[in-house]
Amino acid sequence: ADGSGAPQQLTRVPAFYTDVNWTPDGARLVALRGSMKYRLESPFAFGQTPGMDLVWLPAEGGDATVIIPSRGIGRPHFVEKEKDRIFLYSNQGLLSLRFDGTDRRNLLRVTGTGNYAAEEPVPASEVRASPDGNWALAEVMNQLYLIALPQGVGAEAPTVNVNTPSVPVKKITDVGADYFDWMDGGKTLSWAIGASFFRQPLETVSFDPPKKEEPKPDDKKPS
């Protein structure tokens, strides 16, 4: 699209809509919907508005269907090999469910070392599965990590501590990340901090520890 077309209203209920995402086939939109009044009067600009619902609606517009009350769940996204499921995140971990809200599966819980006052590992602020379902990007204490996503998990999600991991984990950032996402169908990692935007091809990420430089031989000859 070149931006020259006229805008089209998709929703029929005035509300606060956020975390909007297309399904892989482009037929539906998934979003969080909550009270616009509460959002405008809230003293906080971040975090989820209480009483929000996870909804879907046709891409051409129409009535929204409530999937579940969100209760802290958000960041809907999709994995190509499981197009009938919505992937979401809460402080309890990465999870997926069907469009009717059934068959909830807990997939991964990511934690890491918190600040000096935290006695226990703190949960990631967000985890997002790659489009192929093999990897996850996680933000822990404002730093971005790439994690191999465990496959075939059961009712209880495995916990991965990025500081003492049991699966391949790579710290991507040192300065930090405000936002992140997958690009190019999962072939590229992207993140932003402030006004700076970064990209890194997934194939360039190495999980090998950095090699230590060999000390150079002393060229000085004894006098």
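User: In this predicted model, which residue forms a salt bridge with Arg128, and how far apart are the closest N and O atoms?

Analyst: Arg128 forms a salt bridge with Glu126, with the closest N and O atoms 3.0 Å apart. Both Arg128 and Glu126 are buried.

User: How many salt bridges does a search of the whole structure find, and which residues are joined into one network?

Analyst: The search finds 11 salt bridges. Through shared partners, Glu82, Asp84, Arg85, Arg98, Asp103 and Arg105 are joined into one network. Within this group, the side chains of Arg98 and Asp84 meet at 2.6 Å, N to O. Arg98 belongs to strand E7 and Asp84 to the loop between strand E5 (74-77) and E6, so the pair ties together parts that are 14 residues apart in sequence. Arg98 is partly exposed, at 29% relative accessible area, and Asp84 is likewise partly exposed, at 40%.

User: Where do Asp103 and Arg85 lie, and is Arg85 buried or exposed?

Analyst: Asp103 lies in the loop between E7 and E8, whereas Arg85 lies in strand E6, so their pair ties together parts that are 18 residues apart in sequence. Their closest N and O atoms are 2.8 Å apart. Arg85 is buried, with 1% relative accessibility, while Asp103 is partly exposed at 33%.

User: How do strands form a sheet, and in what order do the four strands of the open sheet stand?

Analyst: Strands of a sheet pair through backbone hydrogen bonds, either parallel or antiparallel. Here the order is E1-E2-E3-E4, with antiparallel pairing. Strand E1 (16-22) and strand E4 (65-69) are at the edges with a single partner strand each, so one side of each lacks a neighbour in the sheet. From one strand to the next, the twist averages 25 degrees. E2 and strand E3 (residues 53-58) pair over six bridges, and Arg28 has Pro58 in E3 as its bridge partner.

User: With which strands does E7 pair, and why is E7 largely enclosed?

Analyst: E7 pairs in the antiparallel sense with strand E6 (residues 85-90) over six bridges and with strand E8 (residues 105-112) over three bridges. Five of the six residues of E7 (residues 93-98) are buried, so the strand is largely enclosed by the rest of the structure. In the E7 and E8 hairpin, Gly101 takes a positive phi near 85 degrees.

Technical notes:
Residues numbered from 1 in each chain as written. Predicted model: local features only at pLDDT ≥ 70, side-chain atom pairs only at ≥ 80, totals over all residues. Heavy atoms only, no water. Buried < 20%, exposed > 50% of the residue type's maximum accessible area, 1.4 Å probe, protein only. Helix = DSSP H or I, 4+ residues; strand = E, 2+ residues; numbered from the N terminus. Pairing = 2+ DSSP bridges. Axes fitted to C-alpha atoms, helices over the stretch in contact; angles between N-to-C directions. Salt bridge = Lys/Arg side-chain N within 4 Å of Asp/Glu carboxyl O.
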